[in-house]
Amino acid sequence: MPIPVTIADDSMLSRKTIRKALPPDWDIDLTEACNGKEALAAVAAGKADVLFLDLQMPELDGFDVLRELHDHHAKTVVIVISADIQPEAQKKVAMLGAFRFLQKPLHADQLHETLTELGLI
Amino acid sequence: MNTLLNEDQRDALQELMNISMGQAANALARLIDAQITLSIPKIVVVSASEFHAIFQSDNYWFTRQSFLGLVKGEVLTLMAKAGTETMGGLLDYPVPLNETSQDELLLELANILAGACLNVFSSQLDLNTKLSMPTIFSEQMRKAESYRWISTLLMEVEFQLEATAFDSRVVICLEGQSVNVLIDKLNQLLED
């Protein structure tokens, strides 16, 4: 069974960068979301066992998405991929239950390492 | 402007600026142990006179530095006069600042913010830019004839410190010819 994975980022370039950095042989069912609302909709529809989440997004930002998932004890594994890499942002997302925090620009080997560490690949 | 970049190119440019700004803010945030509020990058084409108008504000201190490489241009760092003492204190300058220490503070901020912004931006597109040291704004720069271009592409990001008057902007200005190089690089990135 392919793993449902969602990429949530308002930037087309960023979604593409993440998509291209995914392990080519990873058996997934990929969904893309352009804002926080779409990300939560993907989770609700069972399309996000793994969620790659940007922080700065219109409608609902990444922090709001994390808060919502946290409040509902969602079992989604969230990996934040963010341009805002300040210590405060990293602390906040960790407290809100994100499993990992990756910096932009995203490097494929870092992503693979993270997925391996989390036992996802 | 609206015809210069298509939607994908604009998206890419904004995202590259977001990443650059994020690294710059992180560098400053770690130094002062506080969180910097980031803006949405502004990307506009301006005429020489509109560019010139930036310098007419009395609310900001300015520095200016130029860069060379596959693209050429200038980077301006603006800092709100009202927030100068706050930032000086956070960066361990003796306050109140005197003229010398204020200039030092301005140059240090330009090095941290503009330096990171341009370098991260440039490295993502392999533009191989070299940035000169910042210099403090002089009256000379108020004269429109000191600009070499007819129009320029401006990429502006803003850094603020919550609950203080600190506000700093970094403006990357590309010369006319360089805009074409930038667009080519963006296209490569998008087609890749």
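## Helix 1 of chain B

A helix here is a DSSP run of H or I, at least four residues in length, and helices are numbered from the N terminus. This is a predicted model. Helix 1 of chain B covers residues 7-32. Just past helix 1, B:Asp33 adopts a positive phi of about 55°.

Does the span of helix 1 of chain B agree or disagree with its residue count? The helix has 26 residues, and at 1.5 Å a residue these should span 38 Å. The end C-alpha atoms lie 37 Å apart, so the span agrees.

## Confidence

The model has an ipTM of 0.94 and a pTM of 0.94. Chain B has a mean pLDDT of 91, with 93% of its residues at 70 or more. Within chain B, helix 1 has the highest confidence, at 97. The lowest is in helix 2 (residues 48-54), at a mean of 80.

## Packing within chain B

Helix 1 of chain B packs on helix 4 (residues 99-124) of chain B. Their axes are 8 Å apart, and the angle is about 145°. The crossing of helix 1 with helix 4 in chain B is right-handed.

Which residues meet here? Helix 1 of chain B brings B:Leu16, B:Met17, B:Ile19, B:Ser20, B:Met21, B:Gln23, B:Ala24, B:Ala27 and B:Leu28. Helix 4 of chain B answers with B:Ile112, B:Leu113, B:Ala116, B:Cys117, B:Val120, B:Phe121 and B:Gln124. By class, this contact has 13 nonpolar residues, 3 polar and no charged.

## Contact between the chains

Chain B gives 17 residues to the contact, and chain A gives 13. On the side of chain B that touches chain A, helix 1 and strand 1 (36-38) each supply at least two residues. Helix 1 of chain B has the largest share of that side, with 13 residues. The side of chain B that touches chain A holds 6 nonpolar, 7 polar and 4 charged residues.

## Helix 1 against helix 1

Helix 1 (residues 12-21) of chain A crosses helix 1 of chain B at roughly 75°. Their axes come within 7 Å. The two helices are therefore roughly perpendicular, as angles of 65 to 115 degrees count as such.

From helix 1 of chain A, the contact uses A:Met12, A:Leu13 and A:Ser14. From helix 1 of chain B come B:Asp8, B:Asp11, B:Ala12 and B:Glu15. By class, this helix pair's contact has 3 nonpolar, 1 polar and 3 charged residues.

Definitions and conventions
Residues are numbered from 1 along each chain as its sequence is written. Chains are lettered from A and ligands numbered from 1 in the order in which they are written. This is a predicted model: local features need pLDDT of at least 70, side-chain atom pairs count only at pLDDT 80 or more; totals for chains, interfaces and linings use all residues. The expected span of a helix is 1.5 Å times one less than its number of residues. Two residues are in contact if their C-beta atoms, placed from the backbone, lie within 7 Å. Ala, Val, Leu, Ile, Met, Phe, Trp, Tyr, Cys and Pro count as nonpolar, Asp, Glu, Lys and Arg as charged, and the others, Gly among them, as polar. Axes are lines fitted to C-alpha atoms, for helices over the stretch in contact, and angles run from 0 to 180 degrees between N-to-C directions. A crossing is left-handed if the near helix is turned anticlockwise from the far one by less than a right angle, and right-handed if clockwise. Angles under 35 degrees count as roughly parallel, over 145 as roughly antiparallel, 65 to 115 as roughly perpendicular and the rest as oblique. pLDDT is the predictor's confidence in each residue, from 0 to 100.
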